[in-house]
Amino acid sequence: MKRITAVTTVAVLMAMTSLVLAEPKVETVAEGLTVPCGVAIQPGTGHVFVADSAAGRVVRIVDGKVEDVIVDFPIDKYGKGPTYPIGPLGLAFVDENVLAVGGGGYPDAKDKLRVYNIPAAGGDALNADEDDAAALEIPATDKLAGEGNFYGVAFTGDALFVTCNGDDTKGWISRAGVKGAKVGPFMRAIATKELTEVDAPVAITVAPDGSLAVGQMGEISLPGDGLLTFYDPKDGAKLANFETGLSDITGLAYAPKGKLLATDFAWADTSEGGLFQISAKYTKKKQNIEVTKITGLDKPTAIAVDDEGNVYVTVIGSGEGASGKLLKISNL
Amino acid sequence: MKKLTFRRLAFILVGLVAGILSVASIDSLSAREKQVVELPLGLDPFKVPADNPLTKAKIELGKQLYFDKRLSSDNTVSCASCHDPNKGWSNDAAFATGVDGQMGGRSAPTIINSAYFPLQFWDGRAKGLEGQALGPIANPIEMNLPIEKAIEKLNEIPGYKQQFKKVFRSEITADGIAKAIASFERTVLSGNAPYDKFKAGDESALSPEAKRGMDLFFNKAKCSACHKGHSFTDLAFHNIGVGYDKDKPDPGRFAVTNQEGDRGRFKTPPLRDIHTSPPYMHDGSVKTLKEVVEFYNKGGIKNAQLDEDMKPLKLTEQEVADLVTFMKEGLKSENYPHVDPPELP
């Protein structure tokens, strides 16, 4: 009896350990990307699309092959050292053939949220300035700076929500309504900095309950100040705000069964960057968060999850030139 | 017994795993700590390291150490010499003066609301107040007393030996000195200003000039791009060009991180009771708040790492004056954190 109990105990403990410490499987799906900053999975086909930002293009990855879908986006630069060239940023599918692309290649007030009817796999690539693409801007007003660097794009079913990086006193998430083929107007919607007192909304996704989950990057020179905030997309009300202990959340995505995953770039010390699981629960009276590191990654920038729970992450990587990759992470 | 053993093992395992993977390591104020420190109106709770909870006895010990000149090599300089409660918890000179009249190249940052800063010093080279506290004691141009010698000196003072026994249940240690001073510094808080009352609904708390200044602060003048939150600081580091009109600008945070983007970046100072601690900027080069606003109005001083929010603001003279009024009147605490030097053991 003693032996059985001891064996059972060891077995249970081993099972618990494997549950918590399961080694994720990380595979490289595509290499040779330059500052990839956005990733989305096409409904229906399951093809992975990547914003190959510094190359000024959006690509489709099919069986490991990189295929141009939209090319010739303008390129700007981000950062004071290290400095990264950036073009297209956030990606989100509106439906199987309609892709929204957040721009970062123009100065603030000139950057565009574009919405494309994309060609089928193997078709000719579009030009970024294709005539039939919607191109929406948020210009400056008397009191507000123009918006730009549209890093995160999320589609709720009736609107696109886009994180902006222009007005550093407000930290806007902007909204473009979508009705049939009509997209817009594109307007400032949620002043995240006023609601959280932390800078820079960057990552955004739609939670299973329909709320917006937003990663507030905070200051890149300050580790550990990243927030996870939930908003009601109907009125922009803040539902919950969590200090995550993460530094610079660049991507958020829900896996099947509601598991929330986040990528942390960790500017101040990129060796701390990686893929994290976040369990964030809240009611009107209390909230609770647990953050668990799944694996370290070299400057992760965006995340998407397919229907099978495979996680796709873009990383800038280290080294000169095209050191960017699309990684597939499974066995979570 | 068997069940208990299994549960224990399971808890230990889960606890270990959670401990390894969980990010959190510091806690907000506990109920007991809230009884020790009263947060002024407008301030959020600050975090306290789990291994250094606030207690009355520890804060009192830290206060004595903070004001004690015996923590310098020639018994002439204390923490309070350069971070003087009567001078905005800073000093009124461009640079701090250490033992033998030695001077550094940076001004003495205020202690007010330093409880909120995860990284300390102008360049953020120290983690938390505990990481900062011993630096100036040992620094040859500040208090110039190696920590081992500081411990030796304190060991000759029975009152300190007794207090360390009571507070830390140990002999005098470097760790204990740092924890005590940090605990005292955490209590130096400024809030309860007209701005806080205005935010709480008292429309009359701010004068018309201060109200206009507040609107400029959060909008046209873009001050809140960095001076945000309850202490009016993002706790981070920025290059606004101060010192770039000199031959060899101070590298600032670059010296800590070696990242080019951090060259010339310095910590965003908190602004509560800012009128009490001139001169301003990391090098004490700007004498008045009006001159500070005028510096920003010009867009700072150009350099490769200049913060992208630093652009000419096109503020009128009246707008400059209103901004200054907001800072002088709107952020002036009704309960300035004045502390008298304690009786030393």
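# A tour of chains A and B

Start in chain A by selecting strand E2 (residues 36–41) and E3(A), which run antiparallel and are joined by five bridges. Strands (E, at least two residues) and helices (H or I, at least four) are DSSP runs numbered from the N terminus, and two strands pair if DSSP finds at least two bridges between them. The model is predicted: local features need pLDDT of at least 70 and side-chain atom pairs count only at pLDDT 80 or more, while totals for chains, interfaces and linings use all residues. Residues are numbered from 1 along each chain as its sequence is written, and chains are lettered from A and ligands numbered from 1 in the order in which they are written.

## Around strand E3 of chain A

Now select E3(A) by itself, residues 48–52: five of the five are buried, so the strand is largely enclosed by the rest of the structure. Buried means that 20 or more other C-beta atoms lie within 10 Å of the residue's own, exposed means 12 or fewer, and partly exposed is in between, with C-beta atoms placed from the backbone. Val48(A), Val50(A) and Asp52(A) point one way from the strand, whereas Phe49(A) and Ala51(A) point the other way, and all are buried.

Continue to strand E4 (residues 57–62) of chain A, which pairs with E3(A) in the antiparallel sense over five bridges. Here Arg60(A) is the bridge partner of Phe49(A). The hairpin of E3(A) and E4(A) has four residues between the strands, and Gly56(A) in the turn has a positive phi of about 65°.

## Two open sheets of chain A

Select E13, E14, E15 and E16 of chain A, four strands that form an open sheet in that order with antiparallel pairing. Strand E13 (153–155) and strand E16 (182–191) stand at the edges, each with a single partner strand, so one side of each is left without a neighbour in the sheet. Neighbouring strands here are turned by 20° against each other on average, direction ignored; the axes are lines fitted to C-alpha atoms (for helices over the stretch in contact), with angles running from 0 to 180 degrees between N-to-C directions. E13(A) and strand E14 (residues 159–163) of chain A run antiparallel and are joined by three bridges. Ala154(A) faces Phe161(A) of E14(A) across this pair.

Pro185(A) is in strand E16 of chain A.

Five bridges link strand E22 (residues 260–264) of chain A and strand E23 (residues 274–282) of chain A, paired in the antiparallel sense. Gln277(A) in E23(A) is the bridge partner of Leu261(A).

In the loop between E22 and E23 of chain A, pick Ala266(A). Its phi is near 55°, a positive value in a residue other than glycine. Ala266(A) is buried, with 24 other C-beta atoms within 10 Å. Then go to Asn331(A), in the segment after strand E27 (324–330) of chain A. Phi of Asn331(A) is near 65°, again positive in a residue other than glycine, but Asn331(A) counts as exposed, with 11 C-beta neighbours inside 10 Å.

## Chain B

Colour chain B by its domain assignment: domain 1 (27–185) and domain 2 (194–330). These bounds come from an automatic or database domain assignment. The contact between them takes 26 residues from domain 1 of chain B and 25 residues from domain 2 of chain B; two residues are in contact if their C-beta atoms, placed from the backbone, lie within 7 Å. The C-alpha centres of the two domains lie 26 Å apart.

Finish at Leu271(B), in the loop between strand E6 (266–267) and helix H13 (289–297) of chain B. Leu271(B) counts as buried, with 23 C-beta neighbours inside 10 Å. Leaving aside neighbours within four places in sequence, Leu271(B) contacts His227(B), Phe232(B), Met327(B) and Leu331(B). Pro279(B) is in the loop between E6 and H13 of chain B, and the peptide bond from Pro278(B) to Pro279(B) is cis, with omega near -5°.
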